[in-house]
Amino acid sequence: MAKDDVIVFSGVVEDKLPNTMFRVKLENGHEILATVCGKMRKARIWVNVGEHVRVEMTPYDLDKGRITFVERVRGQNDTANNENN
């Protein structure tokens, strides 16, 4: 297998751990430890408990992963801003 071969899963952040580690429950029911990828860390994108994330994993270690995308629901902040006006 090539180095670039990754498996992509969707999941929900269950718990925040020290050193930017997160416990993520995947859509297939497994729980893994995941960290934030470098580009998200550089852009200072926050990940909170309960958010839906996309996780990349290598086929060699299926207990650890890398969070590459946070799926945020649009409209949560928009409704709050419209109520204040």
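Two strands count as paired if DSSP finds at least two bridges between them. Helices (H or I, at least four residues) and strands (E, at least two) are taken as DSSP runs, numbered from the N terminus.

**Entry 1: ground rules.** I am working on a predicted model, in which local features need pLDDT of at least 70 and side-chain atom pairs count only at pLDDT 80 or more, while totals for chains, interfaces and linings use all residues. Residues are numbered from 1 along each chain as its sequence is written, and side-chain values use heavy atoms, with hydrogens and water left out.

**Entry 2: strand pairing.** I looked up glutamate 56 and found its bridge partner in E5 to be arginine 66. Strand E4 (residues 52–57) and E5 run antiparallel and are joined by five bridges. E4 and E5 form a hairpin, with six residues between them. On strand E3 (residues 31–36), I noted four bridges to strand E5 (residues 64–71), the two running parallel. Alanine 34 has glycine 65 as its bridge partner in E5.

**Entry 3: the whole protein.** I listed two helices and five strands, in the order β-β-β-α-β-β-α from the N terminus on. Of the 85 residues, 22% count as buried (under 20% relative accessible area; exposed is over 50%, partly exposed in between; 1.4 Å probe, protein chains only). Of the contacts (heavy atoms within 4.5 Å) with a separation of 6 or more, 48% are between residues 24 or more positions apart.

**Entry 4: valine 12.** I placed valine 12 in strand E1 (residues 7–17). Is valine 12 buried or partly exposed? Valine 12 is partly exposed, because its relative accessible area is 23%. Leaving aside neighbours within four places in sequence, valine 12 contacts Arg23, Val24, Lys25, Gly50, Glu51 and His52. I also checked valine 49, 37 residues away along the chain: its C-alpha atom is separated from that of valine 12 by 7.8 Å.

**Entry 5: second largest pocket.** A pocket here is an open set of points on a 1 Å grid over the protein atoms alone, where a 1.4 Å probe fits, with protein on both sides within 12 Å along at least five of seven lines; lining residues have an atom within 4 Å of a point. I read about 190 Å³ for the second largest pocket, a volume being the space filled by probe spheres set on the points, which are joined across faces, edges and corners. Its lining includes Lys16, Phe22, Arg41 and Trp46. E1 and strand E2 (21–26) are the elements that give two or more residues to this lining.
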